[in-house]
Every structure is written in C-alpha cells, then in structure tokens.
Amino acid sequence: MLNIENLSVKVGGREVLKNINLTINPGEIHILFGPNGAGKTSLLMTLMGFQGYHVTSGLIILDGEDITRLPVNERAKRGLGISFQRPPTIRGLKTAQLLDICNQHGQDIEKLSYDLALQDFMDRDINYGFSGGEIKRSEMLQLMLQKPSVALLDEPESGVDLENIVILGEAINRLLNKIIPHNAIQSHKEIRELRKESGLIITHTGHILNYIEADIGHVLYNGKLSCMGNPREILHCLEEIGYEECIRCRSN
Amino acid sequence: MQKQLKELALSAKDKPAPYGLDIDISGFDAKPQRHMYQEDLSKLGDEERKAIEGAGLNLTCEGRSGSYVLMDRSMIHCNIVQPGVEVMDIADAIKKSQNTAGYMWRLVSPDADKYTSNAYLNPPQGYFIHILPGTKALYPVQACLYMGHDRMVQYVHNVVVAEEGAELDIITGCTTGSSLHSGLHVGISEFYVKKGAKVTFTMIHNWSEEVMVRPRTAVLVEESGTFISNYVSMHKVKSVQMYPVAQMKGENSTARFSSILVAPSLSDLDIGAKVFLQAKGARAEIISRAISTGGSIMARGCLIGEVPEVKAHLECRGLLLSEDGLIHAIPELVGKKAGVDLSHEAAVGKIAQDEIEYLMARGISESEATSIIVRGFLNVEIEGLSASLRSEIDKAVEESEKDLF
C-alpha cells in the first residue's frame with residue numbers, strides 16, 4: 001500500500017506539488033489526469049526519489065515504511081517501479097544486459113521479450129534509436145521483470161500507434177495481475193481480493209482507459225489534486241468541458 | 001641513403017616534438033642490458049611472467065601464429081607456428097635481407113623529433129613481421145615489449161609488412177617490471193599494408209606510473225587494403241604522446257583507429273591519429289573513448305581528404321569522473337577537394353544523472369550504476385574484429401576497470 005500524506009515538492013525553488021494526499025491500496029489502479037505542466041510527472045519522480053525534487057513537507061509511506069528520504073534503488077527494492085516517459089539512452093549498455101539487471105525473480109526473459117515483440121532488440125544499446133512504441137514496450141518489459149508491488153506508469157500510451165497500444169494494454173494488465181484465466185480455480189471475487197499489485201498511471205489523453213480497467217481517477221491541476229472519482233466519468237467530463245471544470249471545482 | 005638518414009637524425013638530436021611534455025633523454029640510461037634467450041617463457045622469473053601475462057601475452061604461445069618478446073634491449077623469445085608468417089628480430093631481419101632495411105625509416109623520418117633521431121642513432125631492436133602473399137594467419141601474432149631496468153630508455157623499431165591479400169592480427173603488450181620506477185620507451189613502428197591485405201594491430205599499454213612513452217607510428221595502405229588499430233591504455237603512466245599517421249594511398253583502402261584511454265591522477269595522455277585520404281574510395285574512422293579519473297587527456301584526431309570520393313568520420317567522447325581531471329578533444333577535418341565527405345562528433349562531460357537514476361530505478365546502487373555506464377562507454381564497437389581479439393580487448397578493459405572504482 002502506498003500512502004502519500006500532505007506532500008509538497010519544490011523543483012528549482014518553485015513549488016510544483018502542493019499538499020498532495022493519496023492512498024493506493026493493494027490491487028487498485030489509479031489514473032492521474034492533468035494538463036501539461038500540472039505536476040503529474042513531478043509526482044512520479046518524487047515518489048521514486050529522483051534528484052531535483054525536493055520534498056518540503058509531507059511523507060511517502062510504502063507498506064507502512066516511511067520512504068521519503070530513501071535513495072531511488074532502495075525504493076525500487078521495496079517494490080516501487082516506474083516506466084519512464086522519455087528514458088535516457090545509455091550507449092554501450094545492451095538491452096539484454098539491462099533486462100538481466102531487472103530480472104530479480106528469475107523469469108523467462110526470452111519469452112517475455114517475445115510477448116512484447118522485443119526479441120530483436122537484445123543486442124541494441126538501450127533506447128538508442130528506439131521508436132516511441134519500442135521505448136514503451138521496453139519500459140514495460142523491464143517492469144514486468146522487476147515485478148513491482150506499486151507500478152508508476154508515466155503516459156504509457158503517448159507517442160504509440162494503435163498496434164502498440166494493444167500490446168501495451170495487455171502488458172499493463174499482466175503487470176498488474178488483471179488477467180484472470182478462464183479456468184481459474186478461485187472465484188473472480190477471491191482473485192480480485194487477493195490481488196496485491198497496484199498502479200498509478202499518468203495519462204494525458206485517457207486512451208489507455210480503453211485497454212485497462214482502472215479503479216479510481218484523480219485530476220492534478222496546478223500542483224493540487226482537485227478531484228477523485230470514477231476514471232471514465234472524469235475522462236468524460238474532461239472531454240466535454242476540459243480542465244476549465246477544475247478551476248470551477250477548486251473555486252467552490 | 002643511409003648517410004642521408006644519419007645526417008637527418010643528427011640534425012634532430014635535440015629537436016622537441018610538437019606535442020607532449022619535452023623529455024630530457026640524457027637523464028635515462030642508454031646502456032644495453034643483456035638477457036638470456038628463453039625457449040620456454042613459463043620458465044621466466046615470477047615478476048617477469050606476471051608482468052608479461054598482464055600485458056596480454058600468452059606464455060604458452062598456444063593459439064598464436066607467432067610470438068616475440070623484447071626484454072629491456074634483448075630479444076629473449078621468438079617463435080613462428082604458421083608457415084607464411086615470419087616473425088624475427090629486426091636486426092636479424094636486416095642481416096638476412098637488405099630489403100628489410102628498405103622498409104625502415106621510409107614512413108617515419110629520423111628527423112621528426114629527438115625521439116626518432118635517438119632511435120635511429122641507437123642499434124635497432126624490435127620485431128619484423130612479414131606475412132607472405134595470400135597467407136591468412138590463423139591466430140594472432142603476439143609481441144611483448146618489456147622494460148625491467150630502472151631509469152632505462154628502450155628504443156624499439158618494429159616493421160610489419162603484409163603482402164598482397166595477406167591477413168594478420170597482431171597483439172602487442174607493453175609493460176614494466178615492478179623494480180622499474182621510471183623509464184622512457186621510444187617505439188618506431190612502420191606498417192605496410194599491401195593490395196587487398198588486412199592488418200589489425202592491437203596495442204595494450206600497461207606501464208607503471210613514472211614511465212614516459214613516445215611511440216612513433218606510420219602506416220601505408222595500398223589498394224583495397226585495411227588497417228585497424230586498437231589502442232588500450234588504462235593504467236597509470238606519467239606521459240604518453242603519440243600521433244600515428246596513416247597514408248591511404250590505394251583506392252578503396254580502409255583505416256580505423258580506436259582508442260580506449262583512462263588517465264588516472266598524474267597521468268598525461270596525448271593521443272591521436274591522423275589519416276591522409278589520398279585515393280578514391282578511401283575510408284577512415286577515428287574513434288576514441290577517454291576517461292579521466294584525475295589525469296589529463298588530449299584526444300586528437302585529424303582527417304585530411306586530399307582527393308574526391310573519400311569518406312571519413314572522427315568521434316571523440318570523453319567522460320570526467322573526477323573534479324581534477326582534464327579532457328581536451330581536438331578534432332580536425334581538412335578537405336582539399338570538393339567531393340570529400342568528412343565528419344566529426346565530440347562530446348566531453350560527466351556521467352548524466354538521469355542515466356544513473358534510470359538504472360537505480362531498476363534496483364541497483366549508485367556505484368553499480370556508474371560502473372555499468374562506464375563499462376558501456378568503453379564498449380567501443382569495432383567492425384571487422386575477430387571474436388578472439390574482441391575478447392582479448394574486453395579482458396584488458398575488464399582487468400583495468402577494477403582500478404577505476
């Protein structure tokens with residue numbers, strides 16, 4: 001379980017997140033909507049502990065432990081995982097080598113890379129010359145190997161064509177253990193209740209909602225969480241009225 | 001001819017080199033130190049064996065087409081395994097055939113600077129490797145230039161001739177014994193790559209911290225010939241300055257110079273390569289990866305397109321891992337005719353924080369992430385390199401990486 005309590009964050013002296021409160025229970029998928037510059041990526045970067053995101057107040061609690069001041073790798077070890085929107089290229093580091101690093105649970109890399117149509121990328125430098133879709137698939141493959149308990153996905157559908165978005169949707173559902181086999185012995189209810197994996201997904205367009213079943217939606221506007229509810233309803237409202245509604249909402 | 005060369009040498013006895021620290025040669029001991037010939041290299045003393053192996057030499061000579069070891073100023077071992085591959089001491093080669101002398105000082109002039117001058121004026125030592133037409137060496141020829149006597153100067157003159165259609169890999173390791181505190185190594189190397197021949201020359205420097213090194217290398221590549229140079233220097237050394245020159249005389253000739261350089265604190269490396277593209281279809285590439293952990297690196301490169309329809313690229317990337325180091329990249333492109341295609345890219349900086357954090361987000365520590373990024377940085381992809389040579393270079397880099405962190 002991830003608890004964000006009264007979190008305020010500054011980047012380069014400017015306050016980008018203000019008093020954020022958010023709880024993600026095991027098994028839940030949360031969607032974070034918000035216009036460009038609202039602070040969505042800053043929230044994910046802060047949760048992971050990247051340099052330059054200074055927590056001025058508040059706490060980040062993962063499974064009861066305060067991780068607010070832990071280094072990035074310690075957070076990853078405790079179960080936080082992130083898929084980057086624009087990951088850096090590391091020359092000389094082969095995709096296969098990075099996947100080996102991620103594979104802490106001894107999974108079948110070859111099979112997973114085939115499922116994500118990345119089998120021909122093993123000898124390529126990570127992210128070097130990758131297309132938008134290839135980057136997202138590679139990020140998802142790394143996360144699937146890491147098996148985080150809380151996955152932070154930064155705009156998984158941006159810059160991705162239709163064919164890729166289907167593969168990615170499937171991968172996210174697998175990552176978050178949302179696929180229930182037809183011949184499951186336990187009831188669907190039991191499976192849902194036992195599900196531990198949770199996710200926080202940033203989306204700008206909301207397209208990803210056509211491929212995954214999200215539980216709760218939030219709108220981040222100007223560094224503040226301004227509403228929470230059914231993600232499809234929120235998306236519908238944003239499509240109809242736009243983020244203007246957030247201003248009205250906040251002024252009430 | 002010999003008289004003219006001697007006059008040239010005498011005229012340059014005190015002439016400083018255009019680059020690098022100026023060294024007072026008189027401060028070094030030029031007396032020859034004699035060593036016994038060793039049929040079996042595994043019978044050498046512990047210290048020598050360790051150093052020679054550390055420089056990449058296989059003491060059993062297995063998996064080698066030939067071997068040559070120079071200790072101080074004596075050849076102590078020389079063998080040939082494959083017919084068509086000739087390896088011998090340069091002095092013996094001159095005695096055997098006057099043609100050998102004709103290959104000496106043709107590409108490097110004795111009056112280039114005080115180092116070439118003094119190398120000329122001292123008796124020649126070094127290897128002569130000759131590979132006969134059409135011979136493809138099954139394994140690399142290995143050579144080791146070892147300095148064990150403190151404050152010595154070692155003058156070496158190597159000549160490599162690859163006849164038409166011949167192919168050869170050479171691995172040269174340069175190293176010192178533990179009792180040597182300081183020394184000067186001057187190495188003249190002349191390579192003749194004839195029509196359709198291919199020579200891959202890999203040099204691994206493994207000097208000690210007070211040694212100064214002045215290699216003077218020149219290469220002549222004929223039609224459709226290929227010369228590939230790989231240079232690795234990752235250990236402490238006081239000063240290395242070299243600027244090998246390749247003349248691409250033949251049409252469709254190819255040259256590639258790759259350098260992996262690490263300058264620890266108090267080390268001074270001034271390394272480059274210069275290629276003259278002189279015939280249609282000639283291609284060249286100069287690639288360097290430079291890391292300073294406190295020392296200074298000048299990474300030079302110069303491509304000169306003298307005729308149309310030539311193509312060459314220069315790439316220099318530098319990484320500063322310490323606040324005190326210096327990396328100075330000097331890429332030069334000279335186009336003398338329309339129709340040359342020359343390009344360069346150079347970048348010097350520190351490791352990007354976002355790269356470190358990207359890897360940390362996968363669960364590894366900051367120091368592991370840094371080491372992975374550095375290893376990737378040094379992972380220069382060299383086309384046309386045999387798998388065994390690739391693994392030799394990887395081994396040398398891997399060994400040295402341990403000292404980096």
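Which residues of chain B form one aromatic cluster? I found Phe191(B), Phe201(B), Phe227(B) and Phe257(B) in it.

Notes on the source. I am working on a predicted model, where local features need pLDDT of at least 70, side-chain atom pairs count only at pLDDT 80 or more, and totals for chains, interfaces and linings use all residues. Residues are numbered from 1 along each chain as its sequence is written, chains are lettered from A and ligands numbered from 1 in the order in which they are written, and side-chain values use heavy atoms, with hydrogens and water left out.

Aromatic pairs. I looked up the total over all chains and got eleven. Rings of Phe, Tyr and Trp (its six-membered ring) pair if their centres lie within 6.5 Å; planes under 30 degrees apart are stacked, over 60 edge-to-face, the rest tilted. Phe50(A) and Phe84(A) make a tilted pair, 5.6 Å centre to centre with 35° between the planes. Phe50(A) sits in the loop between helix 1 (40–48) and strand 4 (54–62) of chain A, and Phe84(A) in the loop between strand 6 (80–83) and strand 7 (90–94) of chain A, so the pair ties together parts 34 residues apart in sequence. Helices (H or I, at least four residues) and strands (E, at least two) are DSSP runs, numbered from the N terminus.

Charges over rings. I checked for NZ of Lys or CZ of Arg within 6 Å of a ring centre and within 35 degrees of the ring normal. Arg151(B) lies over the face of Phe28(B), 5.1 Å from the ring centre. Arg300(B) lies over the face of Tyr19(B), at 3.8 Å.

Helix 6 of chain B. I see six of the eight residues of this helix (353–360) buried. Among them are Glu355(B), Glu357(B) and Tyr358(B). The cover includes helix 3 (95–102) and helix 5 (132–146) of chain A, and helix 7 (366–378) of chain B.

Helix packing. Helix 3 and helix 5 of chain A pack at about 30°, axes 8 Å apart. Contact (heavy atoms within 4.5 Å) is made by Leu98(A), Leu99(A) and Cys102(A) of helix 3 of chain A with Leu141(A), Gln142(A), Leu145(A) and Gln146(A) of helix 5 of chain A.

Methods:
Buried means under 20% relative accessible area, exposed over 50%, partly exposed in between (1.4 Å probe, protein chains only). Axes are lines fitted to C-alpha atoms, for helices over the stretch in contact, and angles run from 0 to 180 degrees between N-to-C directions.
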